[in-house]
Amino acid sequence: MKKSNPLLIIILALGVFGIITTEMGIVGVLPQVSQKFNIGAAQAGLMVSVFAFVVAISGPFVTLLASGMNRKLILSLSVLMFAVSNIFYALTGQFEVLMFFRILPAIFHPVFFSIALVTAAQLVPPEKSGGAVTKVFAGITVGFAFGVPLTSYLAERISLEAAFLFAAAVNGIAFAGILLLLPSMPVREKMSYGKQISILGRPAVWLNIAAVCCIFAAMFSVYSYFAEYLGQVTNMNGTWISGMLMAFGIIMIAGNFLFGGSLQRNMVKTVAAFPILYLAVYLLVYMFGASFVPMLPIVLLWGVVHSGGLIVSQTWLMTEVKDAPEFGNSLFVSFSNLGITLGSSLGGWFISQFGIHQLIWSGMIFAALAFVLILVKLKIFSSRAEQAPAA
């Protein structure tokens, strides 16, 4: 079991890539979804918020239930659900069917992430576990860098159906790879449900959870309508929007390293600074959103800051849940997705009430709330926060 299998690590990363492409790829094709199903931007945005809401409410419970099941079964079944759902996205002409097959795979989203990371660590010698986990986790960033913009490009250049079938193919390959290459992995030892759930009795955990929620709400209240905003406010065409999505995702890779290094140097200052940086970026987007040329570098800066949300939030939450890392990871997945739900929902409300240019205020509200929550946590638990190393 401890003999390294690079191909299997790549397959797990591909599964993460396929899931992220399915989850967030919809952001780049909301205009086409609106047109095909004859719905408004706010209703199309439900494709993002409903998926995230299901992940949020099901994540910890599904992860606890799956903690005693064979990991090969859970991983293969999860990516199969994503492959099948994308096929239905491509085939259906009814928005209700589309929504049903957004809900179905969302149930499997958090458990795949939690178990894939643990599995990667177990498939290699202990000294290589960190690198294996990092490679699997990289599927998230690559999904943003290439999966989301490629989905948008295929929808623009070929068809919406082609975009969904691309995601189905990626998840299908991951399913076949896991089925053929991953050995049976029954769980022999697991932490009791009670011990895992007990971390929820800590006030510090809930303060960190609330901050994570607000950070993701700040990020996705605007990013969920990225294509709509650039199309309607900045007057970019579909090709430019696809290019901006790809540039946004690629720059996120660099941003991950920047924020990772900053967290290692000073975790507390980095976490506290993140919502302030996002407020500054949103102010620039609001001021120059209607100006084509200035928005090009602003989108790149936006991508750099956006990339920090994942690692900053996870590090902040994990400082309080080190004794139950798998359950803690499921809490991160769930409550970050609850943040996405809240953010995309408020963003849709801002669009319907005030117009798409005023969307930026929804992100600024959540960024300010995140900053306040972080300050409250530091004030109450300052000594513990300062001593906690980055996760």
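Which way is the crossing in which H14 passes H17, left-handed or right-handed?

1. Basis. This is a predicted model, in which local features need pLDDT of at least 70, side-chain atom pairs count only at pLDDT 80 or more, and totals for chains, interfaces and linings use all residues. Residues are numbered from 1 along each chain as its sequence is written, and side-chain values use heavy atoms, leaving out hydrogens and water.

2. H14 and H17. Helices (H or I, at least four residues) are DSSP runs, numbered from the N terminus. The axes of helix H14 (residues 267-288) and helix H17 (residues 360-380) come within 9 Å and cross at roughly 165°. That makes H14 roughly antiparallel to H17. Axes here are lines fitted to C-alpha atoms over the stretch in contact, with angles from 0 to 180 degrees between N-to-C directions. Angles over 145 degrees count as roughly antiparallel.

3. The handedness and the contact. H14 passes H17 in a left-handed crossing. Left-handed means that the near helix is turned anticlockwise from the far one by less than a right angle. Contact means heavy atoms within 4.5 Å. From H14, the residues that meet H17 include Val-268, Pro-275, Leu-279 and Tyr-286. From H17, those that meet H14 include Trp-361, Met-364, Phe-371 and Leu-378. By class, this contact has 18 nonpolar, one polar and no charged residues. Ala, Val, Leu, Ile, Met, Phe, Trp, Tyr, Cys and Pro count as nonpolar, Asp, Glu, Lys and Arg as charged, and the others, Gly among them, as polar.

4. H1 and H9. Helix H1 (residues 6-25) and helix H9 (residues 160-181) have axes that come within 9 Å and cross at roughly 150°. The two are therefore roughly antiparallel to each other. Their crossing is left-handed. Leu-7, Ile-11 and Phe-17 are among the H1 residues that meet H9, and Phe-166, Val-170 and Leu-181 are among their H9 partners. The contact of H1 with H9 divides into 14 nonpolar, six polar and no charged residues.

5. The core. The largest nonpolar core has 127 residues. Such a core is a set of buried Ala, Val, Leu, Ile, Met, Phe, Trp, Tyr and Cys residues joined through side-chain atoms within 4.5 Å. Val-33, Tyr-223, Phe-226, Tyr-229, Leu-230 and Trp-302 touch the most other members. Helix H11 (residues 203-223) gives the largest share of this core, 16 residues. Beyond its neighbours within four places in sequence, Tyr-229 is in contact with residues including Val-285, Tyr-286, Ile-356 and Ile-360.

6. H2. Buried means under 20% relative accessible area, exposed over 50%, partly exposed in between (1.4 Å probe, protein chains only). The buried residues of helix H2 (residues 30-37) are Leu-30, Gln-32, Val-33, Ser-34 and Phe-37. Gln-32 counts as buried at 15% relative accessibility. Leaving aside neighbours within four places in sequence, Gln-32 is in contact with Ser-152, Ala-155, Glu-156 and Leu-160.

7. Two loop asparagines. Asn-38 sits in the loop between H2 and helix H3 (41-44). Asn-38 has a positive phi of about 55° although it is not a glycine. Asn-38 is exposed, with a relative accessible area of 71%. Asn-235 lies in the loop between helix H12 (226-232) and helix H13 (238-265). Asn-235, not a glycine, has a positive phi of about 60°. Asn-235 is exposed, at 58% relative accessible area.

Conventions:
Angles under 35 degrees count as roughly parallel, over 145 as roughly antiparallel, 65 to 115 as roughly perpendicular and the rest as oblique.
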